[in-house]
Amino acid sequence: MTLMPRAVPPRAAWALQQAGCDALLARLYAARGVQTPDELDDALHHLPPPDRLLGARAAGALLADALQQGLTIGVVADYDCDGATACAVAVRGLRALGQPLGWDRVRYVVPDRARDGYGLTPALAERVRALGADVLVTVDNGIASLDGVAHARARGLQVLITDHHLPLQIDGQPRLPADCVIVNPNQPGCPFPSKALAGVGVMFYVLLALRAELRRRGVFSSQHQPRLDGLLPLVALGTVADVVRLDVHNRRLVAQGLKRIRAGVLPAGLAALLAVSQRAPARASTFDLGFAVAPRLNAAGRLHDMSLGIECLLTDDPARAHELAQQLDAINRQRRNLEAQMREQALLQLAERELPTDADQAAAVTLFDPSFHEGVVGIVAARLKDRLHRPVFVFAPAQLDDGTPCLKGSGRSIAGFHLRDALDAIAKQHPGLLLRFGGHAMAAGCTLSVDGWATFDAALRALASAWLDADMLQRRLTTDGALASERLHPDTADLLEAQVWGQGFAAPIFSDEADVLSQRLVGQHHLALRLRVQGQLMDGIWFGHSDPLPARVLLAYRLQSDEWQGARRARLVVEGAQT
């Protein structure tokens, strides 16, 4: 591994510090592209108005008509955390805005990952119609659901698509669903300044547009209108969980959501999920949302039914929320056990095929085993991608909508290898091989016939060999350089943890020379360290690493605050080493 220091523009860092920003934070923010203090102001009035989202005003009018006419709205959710939070935001927001009109006619359906696949299908449209819905609203899906939208329209449903994914490409041109209202910052012609909104962010903006439309119609005034800021904790959770780029707009949404969580203003279900994760709301961070709460919600969509997660986010009964959070926690433990078994099986398969487990040779890796579970293949692919620093696709047995056996796979990639483009190239090279595919640069999925894996494996490896050179296959870790000795303190760790970090705005990783005074294995897979850094004695831990370190080494680490025998201390969580 090579550690690469992050460049810090001195003028930007100086300007931020002169504006009152902490010197360390000024350096970190400047290195991440922040140029002016205004970008650090998370006040809601800095958010772009909803009218800048193409289709938002039409969506507001459509929903306002439904509320005023007493129509029933059916929300089609998705089975990941972004889809679950977007559904909860839609249901809670519509109820709040409909209350002055005496309206509460919102229902929702959630596709089953194995039975329904992704997006709005004709079968799902029929389920929405069976609920008595007059208006169908998708959240976090629908932009590529041409057949599902057409079926819904043919059955008399009005359709509103709220999504953030890329449109379907046909002959190199985007193809949008017809005869419906679409709100998606990534649709052609949308002038919205952020293309990185998560599905839950798009739905939140649609509710802002609906409230503005109801104001125009005189249902309420700006002084006496339902508040929507109570939805921001769910917006923050879905945004972090979906690993969208935290541009300045998303950082504001997440920051506002975290402020409310830390103040104890959050839905009962989110509070319960933090509790079962042993995380205190008063100290909630983006790390807690992304690595503690989100996996428990996602586990329901992977192994069970995301309706369980959505119900948890919708209930206002603390006892019911606690009961549901406990169930989600149990499902997540089941998911972790299944993932560990699949990961071990995958590593055995790599060894048997004489493929590298240390990323020395193959440019890409694909794996399949009849025992794999389709709900967990994405997580296993992500873990192997991190370990091998190679594009990885993992397949499991599954069934098509008509019950025909097939293979469903999920892939994760590295910089320089656009996974969806790779799938598109394979589909063109081998017509009929991919029954279905989609995704984006770093994550994608596809469906193969039961005998298509070997052909796909060879095709993906050939593309990776052609698109990736030796330099791109070298593992690199970007760091923020050394941390001054006076900053190796739990107060610094607390300061850093309180900030908004995430995709495209990476949490700080520092690097420094360290003397390794002692090292021992804990839990068989983790390396506990006693270190001397900047003249200070520090404890360190390297999770998932068991190989011993030399006496002196360049370490990359995160600074973490913890408590030991009643005293707060700082420790180093090692992320990598250059020997």
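Visitor: Which residues does Lys408 touch, not counting residues up to four places away in sequence?
Guide: In this predicted model, Lys408 is found in strand E11, which covers residues 405-412. Its relative accessible area is 12%, and because buried means under 20%, Lys408 is buried. Beyond its sequence neighbours, Lys408 touches Arg113, Ala114, Gly117, Glu374, Val377, Val394, Phe395, Ala396, Ala398, Gln399, Cys446 and Thr447.

Visitor: With which residues is Asp369 in contact, leaving aside its neighbours within four places in sequence?
Guide: Asp369 belongs to the loop that runs from strand E9 (365-368) to helix H14 (377-388). Phe395, one of the residues touched by Lys408, is also among the contacts of Asp369. With sequence neighbours within four places set aside, the contacts of Asp369 are Gln345, Gln349, Phe395 and Pro397.

Visitor: Does Asp369 count as buried or exposed?
Guide: The side chain of Asp369 is joined to that of Ser371 by a polar contact of 2.5 Å. The relative accessibility of Asp369 is 14%. Since the limit for burial is under 20%, Asp369 counts as buried.

Visitor: Which residues of helix H12 are buried?
Guide: Helix H12 spans residues 307-314 and is mostly covered, with 6 of its 8 residues buried. The cover includes helix H4 (81-98), strand E3 (106-109), helix H8 (232-241), H10, helix H11 (286-303) and helix H13 (318-352). The buried residues are Leu308, Gly309, Ile310, Cys312, Leu313 and Leu314.

Visitor: With which residues is Pro267 in contact, leaving aside its neighbours within four places in sequence?
Guide: Pro267 sits in the loop between helix H9 (248-262) and helix H10 (268-276). At 8% relative accessibility it falls under the 20% limit, so Pro267 counts as buried. Leu313, one of the buried residues of H12, is among its partners. Setting neighbours within four places aside, Pro267 is in contact with Arg92, Pro233, Leu234 and Leu313.

Visitor: How many Å apart in space are Pro267 and Met1, C-alpha to C-alpha?
Guide: Pro267 and Met1 are separated by 266 residues in sequence. From C-alpha to C-alpha, the distance between Pro267 and Met1 is 43 Å.

Visitor: Why is the pair of Phe192 and Tyr205 assigned its geometry, and what is that geometry?
Guide: The count of aromatic pairs comes to 10. In the pair of Phe192 and Tyr205, the ring centres are 5.1 Å apart and the planes meet at 80°. Because planes over 60 degrees apart fall in that class, the pair is edge-to-face.

Visitor: How many residues apart in sequence are the parts that the pair of Phe192 and Tyr205 ties together?
Guide: Phe192 is buried, at a relative accessible area of 2%, and Tyr205 is buried as well, at 1%. Phe192 lies in the loop between strand E8 (181-183) and helix H7 (199-216), whereas Tyr205 lies in helix H7. The pair therefore ties together parts whose separation in sequence is 13 residues.

Visitor: Which residue lies over the face of Phe505?
Guide: Phe505 forms one aromatic cluster with Tyr29 and Trp501. At 4.0 Å from the ring centre of Phe505, the residue over its face is Arg251.

Visitor: What is the value near which phi of Asp179 lies?
Guide: Asp179 is located in the loop between strand E7 (173-175) and E8. At 54% relative accessibility, Asp179 counts as exposed. Its phi is positive, in a residue other than glycine, and lies near 60°.

Visitor: What is the value near which phi of Val243 lies?
Guide: Val243 is found in the loop between H8 and H9. Val243 is a residue other than glycine with a positive phi, near 55°.

Visitor: What is the radius of gyration of the protein?
Guide: The protein has 17 helices and 19 strands, and its C-alpha trace spans about 75 × 60 × 45 Å along the principal axes. Of its 579 residues, 54% count as buried. A compact globule with 579 residues would have a radius of gyration near 25 Å, and the protein agrees with this, at 24 Å.

Note on methods:
Residues are numbered from 1 along each chain as its sequence is written. This is a predicted model: local features need pLDDT of at least 70, side-chain atom pairs count only at pLDDT 80 or more; totals for chains, interfaces and linings use all residues. Side-chain values use heavy atoms; hydrogens and water are left out. Helices (H or I, at least four residues) and strands (E, at least two) are DSSP runs, numbered from the N terminus. Buried means under 20% relative accessible area, exposed over 50%, partly exposed in between (1.4 Å probe, protein chains only). A polar contact is a pair of N or O atoms within 3.5 Å; within protein, one must be able to donate a hydrogen and the other to accept it, and residues adjacent in sequence count only if both atoms are side-chain atoms. Contact means heavy atoms within 4.5 Å. Rings of Phe, Tyr and Trp (its six-membered ring) pair if their centres lie within 6.5 Å; planes under 30 degrees apart count as stacked, over 60 as edge-to-face and the rest as tilted. A charge sits over a ring if NZ of Lys or CZ of Arg is within 6 Å of the ring centre and within 35 degrees of the ring normal. The radius of gyration is taken over C-alpha atoms; the globule rule is 2.2 Å times the number of residues to the power 0.38.
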